[in-house]
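Try each task before you read its solution.

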Amino acid sequence: GKGGVGKSTVTSMLAVAMAKTGKRVGVLDADITGPSAPTAFGVTECQGASEEGLYPALSRGGIQIMSINLLLDDPASPVVWRGPVIAGTVKQFWSDTIWNDIDYMFIDCPPGTGDVPLTVFQSIPLDGIVIVTSPQELVSMIVAKAVNMANMMNIPVLGLVENMSYVKCPDCDKEIKVFGESHIEEVADKFGLDMLARIPIDPKLTALVDKGWIEMMQNDYLDTATQVIINRTQKLQ
């Protein structure tokens, strides 16, 4: 629901964690005006095109990726489009991309409850959503909006991921809560949701994302979340 909480990073991490379980994974970057999936995975262009549509980019680890930045001549060029055009592009990424035998697709949405999340909720057969948040008290209200929107659209909420929960002191191993005490458990209890993960501020992870090496991450932050998603989605099938 809120910008700047790390939705794109968590989306990429979930995709990598799921791929490590042996699943075939795709990432649809629905954040048209702020795309970041290509950077995280170190890809720059699609595999090509045919009469049926575009072939997504393929990461080093075999994750399929579609993003507007794969189609621009200059990835720094801004996408200055109105809402309906952006929403239409997201629909085309779903319908006109030649996805190859995907087991799990993760869709990275922009913040808010506007055109793009609404288009995703209405146009793509979702098994559920993962809400990404941070420890600030303000975020609990934003999370409530996202949960209520999901309920309105009859989309299951698979759980909550709290990003930037703390930073671990390299000398004493103490958890330092940079953004104050977390309220995420209160929010989870209020809406009856699972807490899928608490991800710390990790400079090593940030460096990997910036270099396009997200698939080299060596952590278990989202292992539990991945298993919960597998279990919950299998029950929905």
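**Exercise 1.** In this predicted model, sort the residues that line the largest pocket into nonpolar, polar and charged.

*Solution.* Begin with the classes: the lining divides into 25 nonpolar, seven polar and four charged residues. Next, take the volume, which is about 840 Å³. Now look at the centre of this pocket: of its 36 lining residues, the closest are Ile107, Leu126, Gly128, Ile129 and Val130. Finally, turn to the elements: those that give two or more residues to the lining include helix H1 (7-19), helix H5 (137-152) and helix H8 (223-236). Strand S6 gives the largest share, five residues.

**Exercise 2.** Find the element that gives the largest share of the lining of the second largest pocket.

*Solution.* Start from the pocket itself, with a volume of about 210 Å³. Of the 14 residues that line this pocket, Thr9, Asn163, Asp202, Leu205 and Thr206 are the closest to its centre. Helix H7 (residues 203-211) gives the largest share, four residues. By class, the lining has seven nonpolar, five polar and two charged residues.

**Exercise 3.** Why are the buried residues of H3 on the same side of the helix?

*Solution.* First, list them: Ile86, Ala87, Thr89, Val90 and Phe93 are buried in H3. They lie on the same side of H3 because they cover an arc of only 155° around the axis. As a general rule, an α-helix has 3.6 residues a turn, so residues three or four places apart point the same way. Last, check the partners: the buried residues of H3 pack against strand S1 (25-29), strand S5 (64-66) and H4.

Methods: Residues are numbered from 1 along each chain as its sequence is written. This is a predicted model: local features need pLDDT of at least 70, side-chain atom pairs count only at pLDDT 80 or more; totals for chains, interfaces and linings use all residues. Side-chain values use heavy atoms; hydrogens and water are left out. On a 1 Å grid over the protein atoms alone, a cavity is a set of points where a 1.4 Å probe fits but cannot get out, and a pocket is an open set with protein on both sides within 12 Å along at least five of seven lines; lining residues have an atom within 4 Å of a point. Grid points are joined across faces, edges and corners, and a volume is the space filled by probe spheres set on the points. Ala, Val, Leu, Ile, Met, Phe, Trp, Tyr, Cys and Pro count as nonpolar, Asp, Glu, Lys and Arg as charged, and the others, Gly among them, as polar. Buried means under 20% relative accessible area, exposed over 50%, partly exposed in between (1.4 Å probe, protein chains only). The arc is that of the directions from the helix axis to the C-beta atoms. Contact means heavy atoms within 4.5 Å.
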